[in-house]
Amino acid sequence: MSRLKTNWKFDVLKPGFFLVLALLMVDLSFLYYQCNALMQKLVCLLIVCYFSYLLFYKFNSLKWFSLVVLCVTFFVTYIDKKQTNFTIRPRSIIVFYPDQVEIFDDWFTVDGQAAGGKIKVSGKINSSQIKQLKLGYKVVLYNLAGDVNPIAPASNYGQFDLQRFYRSKKITQEVKLTSYKVKVEKRGLRNYLHHLRFKLKVFLQKMPPIISFFSSELILGENPSQRFQSILNNYRDLGVIHILSISGLHVGIYTLLISTCCYFFKLTQEETFVFCLIILLIGIFLSNGQVGFIRASLTYILGQLLSINKLQINKSDLLGLTAVLHLIFDPRLMMNTGAILSYILALGLEMTNHMTKFKQSFSLNNLLLPLLLFYFFQFNLLTVFFNLLIVPYFNWVVMPLTFLNLLLFSISPKCSFLIERVLKQGEKVIAQISNSKIGLLTFGKINWWQCLFLLIMTSIILIRINEKPNCQKITKNFISCLLFTYGLIFLTIHFPLQGQVTFIDVGQGDSIFISTPFFRKVYLIDVGGKLNFNGKKINPQVNKITLPFLKAQGISKINGIFITHQDADHVGDLRPLLSQIKVKKLYIAQGLIQNPSFQKRIIGKIKKSQIRQLLAGNKVNDSQISFQTVYPFRPGIGKNEDSLSLTFKLAGKRWLFTGDLGQEGELEIINQYHLHADYFKLGHHGSRTASNKEFLKALRPERVFISAGRKNRFGHPHIETIETLQAQHIPWASTQDCGMITWTYGAFTRPKFKRFLPVIKK
């Protein structure tokens, strides 16, 4: 890149300066907010040293400007690091706006503002309180009573980390209110603006369903209802989810339309800029500060300001300047996955702007691939083609019809239903393509240093293609190295050298994962599920716990699922699991198939030939593992006393699982088999009804495990059971404290246990 000829006043516009400064600030942000392990910190420090050298060596004349910017950033970050502290007191109040509230049945959730800072708030809400919220003005909660707790981190591998997500929003605690009073305040400009946003939200919800969904996504940047999650999943599986985000595409459309209108009315550049600025600020507010929209808007605003003042800056530096200002105003910006993807994509667009559309799309997908594997564990091999097909449909059909409907809905609702029919057909076709799973590859989760290495390698290749198109041999070597690395990572994930037995933390329930090394076979004992005491529809836990756990390990097929009995905390998530992942065999205790409740869970999801009924003495043999059934001895209907009980041996260690079997059943097992087990999962989540003292003495386990929910209503594990274990000097571990518990074994490593959650020092 040729150097721009500017006087000393505009040395900051030297090519490369703002890009390097932004990269340095991004790395410092990662170091300060996200690096926990020593190796992560060392790598970040090395990158800091490299960019600092570039900044102060190549741009020595700007060292004081750089130091001022960095000092401002450090000061803002120091102030920002203060944590939220909140204690429930009689005079405490929490404030929020109704346009930001989520209400599901009789339960509300919102990010509120308290005296100590922001806090996540939830609680029951009655009809009179809902009426107050529907006024659309600022809400004040007072006379509060409830429990305040730190937001829990992810407790399973692959699970979305809510604690990290809320930390990016400066929220570290949540309060579950048991009682409160509500009052509404109507004063203030901000209050009035949120009231208008609330009215717009209500207006959009009155539209036909699919139009309402697209309108909410494109204007408010939010999904209006969980029932539309399937549409989001379809776009995500096809690799085109980015078109639903309020981003640079929308900023470009808005500014193009406004500029065209202003040109028609012969307005000046400055006047056009003012109109665009007003519309973009409104868009930022309506989208609730959506990161991609802010990034694109800020880039446009800065570019126009420089252009009006006759100052030239290349697009990479303009993006760098945007990132610098964005980080100063929001130091936690890079804790947001959407922000990382947005800025990487924007930089990639500049690196590939000379390419044809197909090559550019292919290059951008490769640039984003390491991040997709790190955060989402899968990608679609045909994403480039789906982008070429679906993006034009979205740009020329969905967006025009959605915005046209905004004008027509109040005048003629019939037109809205015609538009709804068109969009419904389009979404039906997209759903059919998505449900076919064509091109979708469950790769597995890569770790942070693999992601960084692949990102750097891909960037180097794109830079070399951009700046040195003639160095084909060197570029081919880089590409070969990149492909080899992807292949090696894929093999290590899909052909692991270790097997495992893992107690998945599904809360108050059971789900045990078993896998063998190399030519991996995968089994589950129970699938978890929430106990539903009020009879209302609940979201399956399997979607946020088990499926991400499986995908993170590159697993898209299960060889067998063993169901111990009919209780919802063991089998409740079976139907949604069967709907989303291929299962070869389903193993149940004899008689359970006659249970009407169980039949509802499997009907239409698995063939009768894939179901095998077991009684004591039956075996399930595989090349690397053999399951022996030790209970029940007679058919039942799936009650606790009929629990399917299994034993197997791996790496010289015997395991025993008995579901929710009671003490009588345990004694039957010992009397019949005289069984010894090295590792045993305590019956019925550590209830006092299991396990029997004599049974444990006969079993002589090295360690036992308890799968139970935190603060569960049953008080599991019961103190009597813990006292029995202590009296017999049997070590125990619980998913309540450890999160997911994993035992790994392999030909080249010694078997070992690992807990997912760190030990809390008291």
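**Figure 1. Residue A115 counts as exposed, at 87% relative accessibility.** The model shown here and in the other views is predicted. A115 sits in the loop that joins β3 (107-114) to β4 (117-124). V95 is 20 residues away from A115 along the chain. The C-alpha atoms of A115 and V95 are 9.5 Å apart.

**Figure 2. The whole protein has 26 helices and 23 strands.** The C-alpha trace spans about 95 × 70 × 55 Å along its principal axes. The radius of gyration is 29 Å. For 762 residues, a compact globule would have a value near 27 Å, so the two agree. Of the 762 residues, 49% count as buried.

**Figure 3. R197 and D99 form a salt bridge.** The structure holds 16 salt bridges. In the bridge between R197 and D99, the N to O distance is 2.9 Å. R197 lies in helix α6 (residues 189-205), while D99 lies in the loop between β1 (94-96) and β2 (102-104), so the pair ties together parts that are 98 residues apart in sequence. Both R197 and D99 are buried.

**Figure 4. K201 and E222 meet through their side chains in a salt bridge.** The N to O distance is 3.1 Å. This pair links distant parts of the chain, 21 residues apart. K201 belongs to helix α6. E222 belongs to the loop between α7 (209-220) and α8 (229-237). K201 has a relative accessible area of 13%, so K201 is buried; the cut-off for buried is under 20%.

**Figure 5. D99, R197, K201 and E222 are linked in a network of salt bridges.**

**Figure 6. D237 and K437 are joined by a salt bridge.** The side chains meet at 3.5 Å, N to O. D237 lies in helix α8 and K437 in the loop between α16 (413-435) and β8 (440-442), so the pair ties together parts that are 200 residues apart in sequence. D237 counts as buried, at 12% relative accessibility. K437 counts as partly exposed, at 42%.

**Figure 7. K176, K530, K544 and K711 form a positive surface patch.** One of these residues, K544, is placed in the loop between β11 (522-525) and α19 (546-552). K544 has a relative accessible area of 46%, so K544 is partly exposed. The cut-off for exposed is over 50%.

**Figure 8. L491, F495, L497, F518, F519 and F748 make a nonpolar surface patch.** The patch covers about 680 Å². One of its residues, L497, lies in the loop between α18 (472-494) and β9 (498-503). L497 has a relative accessibility of 55%, so L497 counts as exposed.

Definitions and conventions
Residues are numbered from 1 along each chain as its sequence is written. This is a predicted model: local features need pLDDT of at least 70, side-chain atom pairs count only at pLDDT 80 or more; totals for chains, interfaces and linings use all residues. Side-chain values use heavy atoms; hydrogens and water are left out. Patches are made of residues with over 30% relative accessible area and no salt bridge: like charges are joined within 9 Å, nonpolar side chains (Val, Leu, Ile, Met, Phe, Trp, Tyr) within 5 Å. Accessible areas come from the Shrake-Rupley method with a 1.4 Å probe; for residues, only the protein chains shown count as cover. A salt bridge is a side-chain nitrogen of Lys or Arg within 4 Å of a carboxyl oxygen of Asp or Glu. Lys and Arg count as positive and Asp and Glu as negative; His and the chain ends are not counted. The place of a charge is taken as NZ of Lys, CZ of Arg, CG of Asp or CD of Glu. Helices (H or I, at least four residues) and strands (E, at least two) are DSSP runs, numbered from the N terminus. Buried means under 20% relative accessible area, exposed over 50%, partly exposed in between (1.4 Å probe, protein chains only). The radius of gyration is taken over C-alpha atoms; the globule rule is 2.2 Å times the number of residues to the power 0.38.
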